[in-house]
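Please open the structure in the viewer and keep the selection panel at hand.

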Amino acid sequence: MQILKKLTMPALAVTMAITALAPTAALAGDTQKDKNNWRNGAIGAGAIGLYGLHNGDALTTVLGAGAAAYSAKKYEDARKKESQESKDRARYHRSGSSNYGSDRTYYWYQGHRFYKNNSTGERMMVY
């Protein structure tokens, strides 16, 4: 039983280190993967915090809860970033009869009316 107690803290330290460093292994620009890694890290750190709480170990509880809070914050930031990127993509590729659509033949720009030939893409100022 003493061996188990001696191995618990190093095992928790290794687990927390892996949890903290796992998101850096994700490819840059892959927001979904980053988001998933931060969520999984928050879950793992929360489990470590609960383990410390269950065993009455204040240090493990505080470290686990702190790491879970940090990972949850980073997850929320990644979620907001992904949502903003999705909105930006939708705005850029918007089409149809909206004010931003690319199928309009006449449109206003800087006080002038322009004509756009949709088959050739040519634009001409009307007045």
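Rings of Phe, Tyr and Trp (its six-membered ring) form a pair if their centres lie within 6.5 Å; planes under 30 degrees apart count as stacked, over 60 as edge-to-face and the rest as tilted. How many aromatic pairs does this rule give? The count is one aromatic pair.

Select Trp38 and Tyr70. Their ring centres are 5.7 Å apart and their planes stand at 80 degrees, so this pair is edge-to-face. Trp38 belongs to helix 2 (residues 31-55) and Tyr70 to helix 3 (residues 58-92), so the pair ties together parts 32 residues apart in sequence.

The model is predicted: local features need pLDDT of at least 70, side-chain atom pairs count only at pLDDT 80 or more, and totals for chains, interfaces and linings use all residues. Residues are numbered from 1 along each chain as its sequence is written, and side-chain values use heavy atoms, with hydrogens and water left out.

Is Trp38 buried or exposed? Trp38 is buried, at a relative accessible area of 14%, whereas Tyr70 is partly exposed, at 49%. Buried means under 20% relative accessible area, exposed over 50%, and partly exposed in between (1.4 Å probe, protein chains only).

Now select the whole chain and colour it by secondary structure. The chain holds three helices and three strands, in the order α-α-α-β-β-β from the N terminus. Helices (H or I, at least four residues) and strands (E, at least two) are DSSP runs, numbered from the N terminus. Of its 127 residues, 19% count as buried.
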